[in-house]
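Open the structure in your viewer and keep the selection tool at hand. The stops below say what to select and what is there.

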Amino acid sequence: MSTIKQALAAAEHTCRERGVRFTPVRRRVLAILLERPQPLTAYQILDHLRTAQPRAQPPTVYRALDFLLHQGLVHRIESTNSYLACNHGHDHTGERAAHWPQFLLCDECGDAREVPLAAELQHLLAQLAQGHGFHIGKRPLELHGLCRQCRSAA
Ligand SMILES: [Zn+2]
Ligand SMILES: [Zn+2]
């Protein structure tokens, strides 16, 4: 089985366990994101979806994305308003909805990578925040910079 097929099977399993419906369009949108390493905007997803469903409309994509975000299968990159399939590993499906996503984002080409911070580092950040009576939420942490390719091209 390909990685994409495995990820789709894992997503299906997660949805079944949670008693939510993994409809064909939700599956297709997740597949579109899994097939591409780069984050996609909702309109880029719509373009890909239309190759199979020419009459698909933006709300179809937004509804599917809402569902996938809610299930922790997809993340939204806020600074570029684009979406990326969760790369948190297929063995952690139970934790996936709850995890705090962290990304390296390239300002040049828009490449985004989910690179979970070491548990110790997360703990240190939580402690630092706690010292200020602050609780860090689960919104994605976006670390901006230049990727390897763009650095070597510079
Ligand atoms: Zn993730
Ligand atoms: Zn880059």
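The model is predicted: local features need pLDDT of at least 70, side-chain atom pairs count only at pLDDT 80 or more, and totals for chains, interfaces and linings use all residues. Residues are numbered from 1 along each chain as its sequence is written, chains are lettered from A and ligands numbered from 1 in the order in which they are written, and side-chain values use heavy atoms, with hydrogens and water left out.

**Stop one**

Select the zinc ion (ligand 2). Which residues coordinate the zinc ion (ligand 2)? Cys 106, Cys 109, Cys 147 and Cys 150 do, each through SG, at 2.3 to 2.4 Å. Donors are N, O and S atoms within 2.8 Å of the metal (3.2 Å for Na, K and Ca); water is not among the atoms, so sites may look incomplete. Along the sequence, the donor residues here are spaced C-x2-C-x37-C-x2-C.

Now select Cys 109 and Cys 147, a pair that links distant parts of the chain, 38 residues apart. Cys 109 is partly exposed, at 36% relative accessibility, and Cys 147 is buried, at 16%. Buried means under 20% relative accessible area, exposed over 50%, and partly exposed in between (1.4 Å probe, protein chains only).

**Stop two**

Move to the zinc ion (ligand 1). Its coordinating atoms are NE2 of His 75, SG of Cys 86, NE2 of His 99 and two OE entries from Glu 114, at 2.0 to 2.7 Å. The spacing of these donors along the chain is H-x10-C-x12-H-x14-E. Finish by selecting His 75 and Cys 86: both are buried.

Note on methods
Helix = DSSP H or I, 4+ residues; strand = E, 2+ residues; numbered from the N terminus.
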